Amino acid sequence: MVLPLLPGISFDHKLGKDCFHKSHCFDYKNDVAFHLAESKLGIGRDIMPGVKQKKKLIYLKSSESSLPAWVAFDKQVLCFNGYFQEIVHEKQEEKYRFRKCKIYFYLEDNTIQVIELKTENSGIPQGTLIRRHRIPLPPPNSDEFYTVDHFNIGIEIKLYSRLFHITGCDSFTEKFLRKLGVRVNPKEITPEDPYEKHRQQIRDSMQPLRPYEKEDTLFKFLENDSKVLRFYCYWDDSESLFGDQRDFVLHYFLADDTVEIREIIPPNSGRDAVPLFLRRQKLPKVAAGTFQPGQINNRTVLNVFGPMGRGGRYILDSLKTGAVHTDYYHDSDVRIGEVLNVWGRSFIVCDCDEFTKDYYKFKYGIDNFTPLNYKFKKIDQKHRDVVNYKDSKIGFEEDSSFNSLALTPKPPKKDFKKFMERDRYGLDSKVLRFVAMQNTKQVIEVDRRFIISYFLSDDTFLIFEPPQRNSGLIGGKFLERGRVRKPNSETYYSAQDLYVGNHIELCKRTFIIIGADEYALKYMEEHSEEFPQANISLIVPKFKKLVHNHASDIQRMFQMADKTNKQLVPFDTFKSIIKQICGDQITDHEILTLCRAFSEKKHEEENFDELVALLQEQLRKVNYESFSLMQDACSFQDTNNTGLISSFDLHNICKSFKLPLKDDLLQCLLQKVVSPDGKTDYCKFIELLNWKNLPAHMQNSPASLGYSFPAKNRRRQLETLINVPYNLIMKTMNS
């Protein structure tokens, strides 16, 4: 029934369209102009009646993912089995041949690759017939390409004028085609090549001149490769001259039934550390000696007749009647408690590892793996005297002791972590310096002073004696840097043993530490958990306990010593009064720490102008003028153009330009111009040193500069300590 053409009932075919232009008749493809002819579209791109619409290449879409096809179907390939027939001309044995091949269709980009299966001794170049690319359809549809819709079992496809017949596919290809709704045809049998069948009959009819014996060792190798049985055994050689019991490890390689023996050499045994006692080989049960050349052979020649050389004939013994048979050890022969004959030496198997136990339990059903106790009592030998290097004057004790324990000299091990944490960094030297004197009554030795430097990075000592004029003694290095052992002890002196008032014995001389510099005292106070003599939290309770019963007497003695009535006494007076009451129950360092915690600090400012004048005077004497080059080097180091660099980098630049100044003077000037954040204004620093542009005048007090301005953190402990407020200390003790 047809609806009448009434308003509101008829349908407008132009409804919803927005394109009404007339299509063109000519187009370009591969830069070639051609006429559309039958594929021309009508107005609004409508298909005209009788026009053949060409298929466009449409990539597959993944139903399980929203990814594009070239991602979803990456590395997914359809594999088809097929063949093509080739005509053979001018050959009597064959007229045609069937050449088997595999056709691979890559789903990601619809490319095809054809590979021919290789045939042994075919004489034909085989392998890749068609490299991977998109293959066009045969004419007249050469402008289209093969897609997955063109492939199925039992059909023929034409690839570049060669007809391929598809006979089968793999399981993945079959499942994939069924998901696309393709009805997969049953598999077909590839026709047999008559010439290949003829060649196979010839190969089967051929008889070798001698029977070959194929011994398949590859399967055993692949199955047991890297599988090794480990046994622990020993050889008792005590009956021979200078013989003893020797321990060994026997390795049995399952891949080729070979044996390797390694000796366990104990330390200081006097034996050479050879890598192997027995190299890897098959181990015979009975040592048969050495065979003559040609005696061990797989074949035996029974008779030779005819002329020697070319034209002669020989007969081989296929039964091996004259072969030499050697019985070798196998895995079934090696067990715990068995005695193995290793080329005339009796090795007793005592134990094995866990892998070996699991192997024998699984293969042979053995559960008893009780090890043998083969350790015998050794004859007491005379104790070897070890040379004592404690009193040696040559080298360090660690080097000497290590060299006495081994033939090959080895350097002693050092604590690298401690070295990195406490080694010098920038201006922080990590060196504690103390002033000491000898505990002696000799007149000449009483006035001698020594500087003891303790290096925290490796716990070593260095003693230096400053030269004194008209003393009759030559100053200089008194003790080479090294670790020092305590007297009658195996331990070494540490940083905790160095404090003011302590007696230490170095090089059979007793030293009394009478002072320390400001850096050492400050370091000990900052690390009070390591130095109990500088821990104020431990000293205050101890001092309270000592002066509790003598508080009134001590207060009266302090008031008598306070002549200015300012409740302040000098440090020496405070120390003598405390020593008079407490005696040796409190050390000098503890008193010093207590005074530093409660006393006034001396606020002295070094004459900065005199320091600058002194530095410029030294630079003027050597006519140093490389200030502009130093300015350029600092500007290069200042990557952010802030005018500030670290004091460490500025110190390195001064050293690189060989600034002729002492290190303590240079450090003192750096501390004067450095900011709290560790940065230094290098322009100001160079201007202070520039004696040509900004000269500084030296005042008439050169005697005060004779000691070359020691750095601020290297003052002596009493330079900043003036008076001790005894009243404040006593109030704290009584609270």
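The model is predicted, so local features require pLDDT of at least 70 and side-chain atom pairs count only at pLDDT 80 or more, while totals for chains, interfaces and linings use all residues. Residues are numbered from 1 along each chain as its sequence is written, and side-chain values use heavy atoms, leaving out hydrogens and water.

- Beyond residues up to four places away in sequence, F574 touches F558, V569, I591, C595, V724 and I729 (contact: heavy atoms within 4.5 Å).

**Helix 14 and helix 18**
- The axes (lines fitted to C-alpha atoms over the stretch in contact) of helix 14 (residues 608-621) and helix 18 (residues 682-689) come within 8 Å and cross at roughly 70°.
- The two helices (DSSP runs of H or I, at least four residues) are therefore roughly perpendicular, a class spanning 65 to 115 degrees.
- F608, V612, L615, Q616 and L619 of helix 14 meet E687, L688 and L689 of helix 18.

**H251**
- H251 lies in strand 10 (residues 245-253); strands are DSSP runs of E, at least two residues.
- With a relative accessible area of 12%, H251 is buried (under 20% relative accessible area, 1.4 Å probe, protein chains only).
- Among the contacts of H251 are V228, R230 and E260.

Notes. Axes are lines fitted to C-alpha atoms, for helices over the stretch in contact, and angles run from 0 to 180 degrees between N-to-C directions. Angles under 35 degrees count as roughly parallel, over 145 as roughly antiparallel, 65 to 115 as roughly perpendicular and the rest as oblique. Buried means under 20% relative accessible area, exposed over 50%, partly exposed in between (1.4 Å probe, protein chains only).
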